[in-house]
Amino acid sequence: MYRVFEALDELVTIVEEARGVPMTSGCVVPRGDVLELLDDVRDAIPTELDDAQDVLDHRDEVVANARNEAEKLVGQARADAERTIAEARAEAERLVSEARAHAERMVTDARSEAERAVAAGRAHYEELVGRAQAEADRMLQAGRESYERAVEDGRAEQARLVSQTEVVQAARAESQRIVESATAEAQRLRGECDAYVDNKLADFEDLLGRTMRTVEKGRQQLRSPAGGGNGMVGFDYQV
């Protein structure tokens, strides 16, 4: 390409320095020198220009082939995209199904745990109530027996000391005191038993409430758009 530009510069110089033709804008140039320079230009033109001319001559064919190739690539890309979307949709449905099954298992387990806790609490309550009732009955029986013994002792003492009224009254007062003491002790034990049972039921109520909140949270996460979008559902099951 350097020779091409050099020959063109020489041609310009020849034309500029050529002798002009009077009364015209033409000039007289040395034919041999000009033809020689044109031959140099022709020989120096690279073959890439001929190839480029061939491409220009066949540009419609090249453009058509390129368009067909592009359409083929676009069709293939569209098919690949549709296949990828179908696979992603199938995978998302599978993950959602697994998450739903997992949530249902968690709800079932939580319900079973709650029922077991309720049954255990009811059994423990009944056991405590039974113990308290037995203890109250025992205290009442002991008080009754003590009262009866005191009455018998008082009667015996009354029979022996008929004239001593103060002794009889003291015996009656003592027996009454013993019965009242036994009754108060039985009521105290029943109150402590009721308080203990109430505390246990309150603990169980708190456990059941936290269990139901955990279950509700899992269900809300399963129904929420964010949970179904990425196919993963996280649960924090703490009791």
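How many salt bridges does the structure hold? The count comes to 11, where a salt bridge is a side-chain nitrogen of Lys or Arg within 4 Å of a carboxyl oxygen of Asp or Glu. Before we walk through some of them, keep in mind that this is a predicted model, where local features need pLDDT of at least 70 and side-chain atom pairs count only at pLDDT 80 or more, while totals for chains, interfaces and linings use all residues. Residues are numbered from 1 along each chain as its sequence is written, and side-chain values use heavy atoms, with hydrogens and water left out.

Let's start in helix 4, which spans residues 59-160 (helices are DSSP runs of H or I, at least four residues, numbered from the N terminus). Here E91 pairs with R94, with 2.3 Å between the closest N and O atoms. The two sit three residues apart, about one turn of the helix. E91 is partly exposed at 37% relative accessible area, and R94 is partly exposed at 38% (partly exposed lies between buried, under 20%, and exposed, over 50%, using a 1.4 Å probe and protein chains only). This pair also belongs to a network of salt bridges that links E91, R94 and E98.

Further along helix 4, E113 and R116 are again three residues apart, about one helical turn. Their side chains meet in a salt bridge at 2.5 Å, N to O. E113 is partly exposed at 31%, and so is R116 at 49%.

Now on to helix 5, residues 165-223, where R188 and E192 are four residues apart, about one turn. Their salt bridge has its closest N and O atoms 2.5 Å apart. R188 counts as partly exposed at 38% relative accessibility, and E192 is partly exposed at 44%.
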